[in-house]
Amino acid sequence: MLQGVNRKIGLILALLSIGYLYMSYQLPTYPYIPVDADAVPKTLGWVLLVLSVALFFSKDSDSEEQKAKRRIPKKDVKALLGVGALLLIYIMLFETLGFIIMTVLFVYFCSWFLGYKNHIVNAIVSIVFPIALYSIFVFMLQIKLPQGILPF
Amino acid sequence: MGAIEGILTGFEVAFSWEGILFVLLGVFVGTFIGMLPGLGPISAIAIMIPITYGMDPTLALVMMAGVYYGAVFGGSTSSILLNAPGISGTVASSFDGYPMAQQGKAGKALAIAAISSFAGGTISVVLLMIFAPMLASVAISFGPPAYFALMLLGLTAIASLSEGSTIKALISAVVGFMIATIGIDPQTGTGRFTFGSMNLLDGIDFLVIALGLFAIAEVCYLVMNRHKTAAGSGKEIGSLKLSKDDAKEMSGPVGRQSLLGFILGILPGAGATIASFISYIAEKRIAKKPEEFGKGSVKGLAAPEASNNAATSGAFVPLLSLGIPGSGTTAVMLGAFLVLGLQPGPMLMGDRPEVFWGIIASMYIGNIFLLVLNLPLIPYIARILTIPRPLLISLVLMFSLIGVYAISFSVFDLYLLLAFGVIGFLMRMFAFPAPPFILAFILGGMMEKSFRQSMTISNGSISILFENNISLVLIILSVLSFAFPIANSIWSKKKAG
């Protein structure tokens with residue numbers, strides 16, 4: 001029953017629209033308002049449900065080139081997950097350690113992880129860009145970025 | 001203020017030293033990002049938005065507009081040199097540009113692209129100057145029903161004109177609209193889909209969506225292609241000189257396709273990509289020697305290049321005069337206006353003539369800068385293509401993260417950015433077009449507002465949408481733009497069967 005990518009995506013979207021519709025019907029309504037806060041969400045929920053059913057029954061008409069995009073080699077999956085993990089660490093420690101420290105470390109290790117082996121250029125780029133950006137934002141645009149454990 | 005005074009004010013802004021500096025900065029960044037395969041104008045504009053915080057809105061928008069048309073201008077370089085278009089609007093330029101480069105005439109191809117782009121850009125700015133104020137003066141009488149119908153047309157047109165399945169494009173638009181409903185409803189104060197989180201009360205910032213769906217998703221593909229080198233970009237490009245015959249051959253397609261590109265740019269849903277393809281096909285149809293197309297034809301390169309740049313200026317007509325974007329890229333431009341506290345639309349020309357005319361006037365200077373950047377300096381600028389991918393990936397991620405944090409000061413938004421990056425990547429993987437998503441997200445709130453205003457005026461009667469001639473015509477066009485591709489696909493299947 002769930003053979004074919006359109007069927008799987010159609011089903012996921014249909015479940016999503018049902019969830020969205022359920023929440024839309026929970027929204028409070030008020031008298032004397034011609035169109036309440038729930039009207040547009042309810043409409044969108046029903047439209048998505050209809051479209052999901054249409055997708056479920058439609059043929060996979062994607063080109064071969066597009067279908068090839070769905071197959072990701074294992075080493076690329078690892079690289080994507082690695083970058084994702086580095087991003088998560090960056091976000092988690094961003095406010096604690098501060099913008100400069102985290103960004104320098106992120107740019108350096110992300111480039112290194114993705115295979116850039118010129119350590120000197122990598123170090124220069126990962127120090128110069130974050131410091132330059134920090135200076136632009138904090139001193140020129142007066143937008144405060146987390147300084148973390150650094151005194152400036 | 002009259003039109004002449006307005007134009008003079010615009011040129012005053014454009015010719016001030018700050019105006020010149022920010023146009024130069026915008027077109028340079030645009031050329032740079034547009035040239036890099038994978039990163040498009042939406043990412044370019046979204047990445048630049050945080051830099052404009054606190055800036056004078058006029059100068060900021062002059063710069064952002066420069067980033068947009070600079071990206072379309074610069075996108076052709078990688079199409080010609082690498083056969084890897086920097087942006088989708090320059091895919092058609094690779095059909096004849098790349099074969100020309102392979103024949104050892106890369107310099108000539110780059111010169112044709114630059115001159116055609118310049119001509120297309122400049123002709124269309126003149127047309128923009130004429131049509132934007134005309135449309136603005138008509139749109140001033142538009143009421144909420146007409147606005148609602150206009151936005152509906154924008155959404156159905158972009159969904160039906162998107163590449164691939166219409167159902168997927170419509171799903172993309174509906175989900176984008178759904179995301180726009182998150183947060184406090186401005187009319188009743190009801191919290192919608194906030195899951196009790198304080199962070200979602202204000203809704204999701206458009207920059208989170210734009211950077212997530214485009215920049216982060218594009219970075220995922222760069223990660224997968226991280227070992228690809230820009231072979232060919234470092235090679236000798238040969239002479240940039242064009243012969244008299246080349247110039248003669250170019251003039252016809254450039255003139256015709258600039259006009260066509262401009263018109264297609266104005267239409268909702270079309271834009272640079274569709275304009276470039278239609279112009280390429282149109283020029284091939286009327287050519288005396290159509291067999292030369294695809295083998296390094298001068299006409300085959302000049303036509304899409306003039307057209308895609310003309311479409312870029314054309315897209316500014318509905319954005320500036322109606323306040324309604326017709327494409328994903330102009331939707332992000334509208335987001336930039338809103339971030340800077342400005343609302344484009346029919347009132348902009350009267351209320352803020354320096355912004356309205358300043359942006360238009362700066363395009364003349366921007367096009368001249370682009371010609372200089374893309375002709376004598378192109379051999380040097382093309383070296384940008386040799387930037388190691390790992391460094392590029394890290395820096396784009398850094399710009400995206402800082403951009404989002406600087407607008408909301410919230411770590412929660414950084415997690416959201418990551419989540420939308422994953423969604424954007426999955427959408428590309430399964431061929432769901434992202435431009436309808438961002439357009440629906442930006443238009444969603446405005447559409448709901450116009451709809452509810454219309455219903456309040458009519459005391460809840462939906463017939464108000466069909467009573468006004470303008471809204472009636474626009475709704476009929478929306479239905480047709482939605483029904484036509486479906487009918488066409490059923491018809492072609494029947495024919496094939």
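# Reading a two-chain model: a chat

Mentor: Let's begin with chain A, which is divided into domain 1 (5-69) and domain 2 (74-140). Keep in mind that this is a predicted model.

Trainee: How far apart are the centres of domain 1 and domain 2 of chain A?

Mentor: Taken over C-alpha atoms, those two centres are separated by 38 Å.

Trainee: And how many residues of chain A are in contact with chain B?

Mentor: On the chain A side there are 52, and they are in contact with 47 residues of chain B. The elements of chain A that give two or more residues to that side are helix H1 (5-26), helix H2 (39-57), helix H3 (64-69), helix H4 (74-97), helix H5 (99-113) and helix H6 (119-140). Sorted by class, the side of chain A that touches chain B has 39 nonpolar, 7 polar and 6 charged residues.

Trainee: Is H8(B) mostly covered or mostly uncovered?

Mentor: Mostly covered, with 15 of its 15 residues buried.

Trainee: What about helix H5 of chain B, residues 91-102?

Mentor: That helix has 12 residues and reaches 17 Å from its first C-alpha to its last, close to the 16 Å expected. H5(B) is mostly covered too, as 10 of its 12 residues are buried. Among them are B:Phe95, B:Tyr98 and B:Met100.

Trainee: Which helices do the buried residues of H5(B) pack against?

Mentor: They pack against helix H4 (57-82), helix H6 (106-139), helix H11 (272-286) and helix H12 (298-322) of chain B. Also look just after H5(B), where B:Gly104 takes a positive phi of about 85°.

Trainee: Which residue has a positive phi although it is not a glycine?

Mentor: B:Phe193 is one, with a phi of about 50°. You'll find B:Phe193 in the loop between strand E2 (191-192) and helix H9 (206-224) of chain B. B:Phe409 is another, with phi near 55°, and it sits in the loop between helix H17 (389-408) and helix H18 (411-429) of chain B.

Trainee: Why does B:Phe193 count as partly exposed?

Mentor: Because B:Phe193 has 17 C-beta neighbours inside 10 Å, and a residue is buried at 20 or more, exposed at 12 or fewer, and partly exposed in between. B:Phe409 counts as partly exposed because it has 13 such neighbours.

Trainee: Where does B:Pro290 lie?

Mentor: In the loop between H11 and H12 of chain B. With 14 C-beta neighbours inside 10 Å, B:Pro290 counts as partly exposed. Its C-alpha atom is separated by 32 Å from that of B:Leu128, 162 residues apart along the chain.

Trainee: One last feature. At what angle do the axes of H9(B) and helix H19 (residues 435-457) of chain B cross?

Mentor: They cross at roughly 180° and come within 11 Å. H9(B) and H19(B) are therefore roughly antiparallel to each other.

Trainee: Which residues in H9(B) and H19(B) meet?

Mentor: B:Phe206, B:Ile209, B:Ala210 and B:Leu213 in H9(B) meet B:Phe437, B:Ile438, B:Phe441 and B:Ile442 in H19(B). The residues of this contact divide into 8 nonpolar, no polar and no charged. As for the general idea, an α-helix has 3.6 residues a turn, so residues three or four places apart point the same way.

Conventions: Residues numbered from 1 in each chain as written. Chains lettered and ligands numbered in written order. Predicted model: local features only at pLDDT ≥ 70, side-chain atom pairs only at ≥ 80, totals over all residues. Domains from an automatic or database assignment. Contact = placed C-beta atoms within 7 Å. Helix = DSSP H or I, 4+ residues; strand = E, 2+ residues; numbered from the N terminus. Nonpolar A, V, L, I, M, F, W, Y, C, P; charged D, E, K, R; others polar. Expected span 1.5 Å × (residues − 1). Axes fitted to C-alpha atoms, helices over the stretch in contact; angles between N-to-C directions. Parallel < 35°, antiparallel > 145°, perpendicular 65-115°, else oblique.
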